[in-house]
Amino acid sequence: MAKVKIAINGYGTIGKRVADAINMQPDMEVVGVTKTKPDFDAKMAVKKGYKLYAAIPERVKVFEEAGIPVEGTIEDLLQDVDLVVDASPNKVGAQNKPLYEKLGVKAIFQGGEKKDVAEVSFNAIANFEKAIGKQFVRVVSCNTTGLTRLIYTIKKNYPIKKVRATMIRRVVDPKEDKKGLVNGIEPNPIKLPSHHGPDVQSVLPDVNIVTTAFKVPTTLMHVHSVSIELQDPVSEDDVLKALSEEPRIMLINSADGFTSTTRIVEFSRELRLRYDLYENAVWADSIGIVDGELYVTQAINQESIVVPENIDAIRAMLELKDKEESIKETNKNLKIGI
Ligand code: NAP
């Protein structure tokens, strides 16, 4: 079967990871990627064999002046694709949407967009079916993906009453040198709750959830402290078993040296390209039940956790495989759950 043709509009932190992951699948291929700046990422894209296009038509000459070959503009790229993954900066996806509508191209947006940019807010294990055949789908943010996976996995096995969670957020991605928080802890937002709870409800509407969030001076990962009130008595072993059966959740243990996010990153450096960790890293020894309430701590690599979700969203929207087959295929090709 011919591979479906995918464009990446926005070859940045998320876009380049999704591009590489697409090319690791047997049923899809990247036909072009876009940038606005002729920087090292643009040069690397060309070096890696990606066809480069200007995300903004007026920028073609900037690439030409820098001696970087571009094939044309985003509009040229979209002439012959089955779907575009929009991984442009926050809120820019919504500005790009009219072009996708004009050309009748299916599009995946990322979590920096408002939920009304798309028909469906997506998480593969929680609501794959909702995205089948859809025109516009939003893959929810890194924090929401991490929370949704954890809550869905518990909820699938044991009914839950409510969730309360605190996100300890990395302040920026490692590449950012223009912004950050050098020596502070920033309640974000100060007025509670944070947007993450409603965002989880965009995928799991029946979950009673309230979240709070704080930014801290680290770039590596987010950490979530989650408590889940369960409807019926459940043991710690029950929870461990349920989590161990979900490949997109990786159980780690402090006895193995996983004492902080730095250790998880060191482990990921051995495991994967770019130390990407597609799984939730859940500390098995953080799991505790007190008065019918489950407590659990997890770490999320913000740069890579949404990558498998984008791959599964492509398969759902283009009706390439059903939920189980798609997730299995993605997991196999990205070596998730090994
Ligand atoms: P990023 O690293 O800043 O990359 C954005 C890319 O979009 C860059 O390649 C940029 O190219 C390109 N771009 C700029 N203007 C554009 C336009 N008008 N049209 C198309 N592309 C344009 O951002 P990111 O971190 O990958 O974030 C992308 C999306 O993923 C956001 O919605 C974000 O909220 C979401 N997300 C991010 C993370 C994360 O931790 N990074 C996690 C989950 C979800 P130039 O560099 O050449 O200007």
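Is Lys332 buried or exposed? I looked this up in what is a predicted model, and I found Lys332 exposed, with a relative accessible area of 56%. With the cut-off for exposed set at over 50%, I noted the residue under that heading.

Glu329 is buried, with a relative accessible area of 15%. Both residues belong to helix 12 (residues 323-333), where they are 3 residues apart, about one turn of the helix.

Next I looked up Asp276 and Arg17, whose side chains form a salt bridge with an N to O distance of 2.9 Å. Arg17 is in helix 1 (residues 13-22) and Asp276 in the loop between helix 10 (261-271) and strand 13 (280-283), so this pair ties together parts that are 259 residues apart in sequence. I recorded both Asp276 and Arg17 as buried. I also noted that they take part in a network of salt bridges, which links Arg17, Asp20, Lys48, Arg274, Asp276 and Glu303.

My last pair was Lys161 and Glu229, with a salt bridge of 3.7 Å, N to O, between their side chains. This pair links distant parts of the chain, with Lys161 in strand 8 (residues 160-170) and Glu229 in strand 11 (residues 222-230), 68 residues apart. For Lys161 I wrote down a relative accessibility of 45%, which counts as partly exposed.

Terms used
Residues numbered from 1 in each chain as written. Predicted model: local features only at pLDDT ≥ 70, side-chain atom pairs only at ≥ 80, totals over all residues. Heavy atoms only, no water. Salt bridge = Lys/Arg side-chain N within 4 Å of Asp/Glu carboxyl O. Helix = DSSP H or I, 4+ residues; strand = E, 2+ residues; numbered from the N terminus. Buried < 20%, exposed > 50% of the residue type's maximum accessible area, 1.4 Å probe, protein only.
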